[in-house]
Amino acid sequence: MKETVGITALVPPELIYACGKRPMDVNNVVPESSLSPGSKLCAWTAIWRDMILNGGLDIDSLVVVAGGDCHNALVDGQKVELSGMATHYFFYPFDRDTDYLRSQLEKLTRFLGGIKDERMFSLISDLKLKGRALDELRVNDRARASDVFSALISFSDMAGDPDVFEKMLNSVPETDVEYSSRVALIGVPPIYPDFHETAESFGLHVVYDELPYEFLRLGGSDLDSLARSYRDYSFAGPIKNRVELIKNELQRRRVDGVIHYTQFACHHTLEDEIFREHLDYPILTVQGDLPRPSPEQLKLRLEAFAEMMEVMP
Amino acid sequence: MNIGLDVGSTTAKVLHMEEGEIVFSKVVPSHRWIELIDDGLDDINIVSTGYFRKKVPHFAAITEITTASLGAKYHDPDAQVIVDIGGQDTKVIDLSNNTFVINDKCSAGTGAFLELAAHYFDIPVGSLGELHSKATKGAQINNTCGVFAISEMISQLVGGFSMEEVIYGLHQAFALRIAQMVPPADTVMLIGGTVQNTGIVDAVSNVLDSKIEVPGTPQLVNALGAALYRERLNDGR
């Protein structure tokens, strides 16, 4: 049985597989969790922290993405480390310095015990091509956004098993989609597990999921190419680069409006004003806290947003 | 007959339109909404809105964001920004780019905040506007949290401010809270039952640089918008 490496945000999964281990994105269990965390700012980090501390997540070590992304994770990751878990801290460079990121990847490789199976790079790369095809399918109204999102969000860890994951990708049904408006979902992923289904119930077809698209967009076949690609991880770098990337995708995917999901107590919430200033689309900002089925306040906002785009275009 | 039925968190409103003219309207507490449709009205004529829009008879149910937009345009075709101050939430709608924000997690900018204050003074919430007009200055009140604001209110009373001055300060705090949600605009239209409080209108006028508009019956704008939407459906728009 391969050792399982918990990851708290995007860590090149191809590298973890190449090192003979299986990644587990600890965020992926949060939306279905009913755990009430002891102390919290952001529920995402607080819940995976408590799940690890309570023995509720079967991992052998943890890689905390701290630099360039989530500072709550830096603290909660240290709580996990102090409990005795083998923990490594991975830092993205804000200035997109390729050499710095390569040195980070080298340290990570050492923590993971070294590269043992280079074939995993091409295998994961092939899976990402399938993911991009799936992404295009929903852009072309040939797949439900909720089905596609369920698959794409797992590209951070390939569901822990590339073979099983490939079957999962192949099982996403192809179907004509009817809707009233095309929307983009930017920001961290919603903590509500039924978000996309709820949006669909109001005629909103989500044609762009910002973070899962990052999982697909980045990759590589060795440390050099990984460093050159992952230095562009938009959530960890300057927001002006992220805005340009989003603008291109909004245009390419022909969206009518943008939903910016924010998480209570997450620093990314502060980016809302920047998006509103620089993205020339109707924008709906919503915020979630604890995982649960979509609350009425969210439904009201999604319904009203759909009406505004349909009734008063 | 086109009927708008707005059943909100606090009050229920009905408005009848015939050939583009308002011919009847009535307001009752929300739990008595049945009184508004008990004379044999046909559901097919009704468009509902408000928190309970899907729980009451309707041909179509739409959100208050859409009804406020339609109702405000009826009063002023050039309306730019609408501030709908309700019992449990405040909505700000920017018609220039079809965006809106809703505050429903914090009471500081909602009717519930004023009811809390009126309850403390043991006075009807409807008298807040008159008491506001008797003050020539206001007590400084925290403008970010309803709970802290009540605590500060008590401190200011202990410090010697009159009830009227504290109410004036509360309205100012309320207006500052709302102003954080309002984009720059030449004119801002205030709607919703809370706007019947003239103290709120005065405070918002003092805080915002925009020209403030208040329709004659601000609490009926959403019911009006619902009736107008029903009219649109007739026209196939």
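This is a predicted model: local features need pLDDT of at least 70, side-chain atom pairs count only at pLDDT 80 or more; totals for chains, interfaces and linings use all residues.

Trainee: Which residues belong to domain 1 and domain 2 of chain A?

Mentor: The domain assignment gives 4-111 for domain 1 and 126-311 for domain 2. Their C-alpha centres lie 21 Å apart.

Trainee: How much area do domain 1 and domain 2 of chain A bury between them?

Mentor: About 3200 Å², with 61% of that on carbon and sulfur atoms. On the domain 1 side, Leu10(A), Trp44(A) and Arg96(A) supply 20% of the area buried against domain 2, more than any other three residues.

Trainee: Now strands. How do I read the faces of S5(A)?

Mentor: Here's the general idea: in a regular strand, side chains alternate between the two faces of the sheet. In S5(A), Ser181(A), Val183(A), Leu185(A) and Gly187(A) are on one side, while Arg182(A), Ala184(A) and Ile186(A) are on the other. Both faces are covered, and all of these residues are buried.

Trainee: Which strand is joined to S5(A) by bridges, and does it run parallel or antiparallel?

Mentor: S6(A) runs parallel to S5(A), with five bridges joining them; Val183(A) has Val206(A) as its bridge partner there. S5(A) also pairs with S7(A) in the parallel sense, over five bridges, and in S7(A) Tyr261(A) is the bridge partner of Gly187(A).

Conventions. Residues are numbered from 1 along each chain as its sequence is written. Chains are lettered from A and ligands numbered from 1 in the order in which they are written. Side-chain values use heavy atoms; hydrogens and water are left out. Buried means under 20% relative accessible area, exposed over 50%, partly exposed in between (1.4 Å probe, protein chains only). Helices (H or I, at least four residues) and strands (E, at least two) are DSSP runs, numbered from the N terminus. Two strands pair if DSSP finds at least two bridges between them. Domain bounds come from an automatic or database domain assignment. Buried area is the accessible area (1.4 Å probe) that two parts lose on being put together, summed over both.
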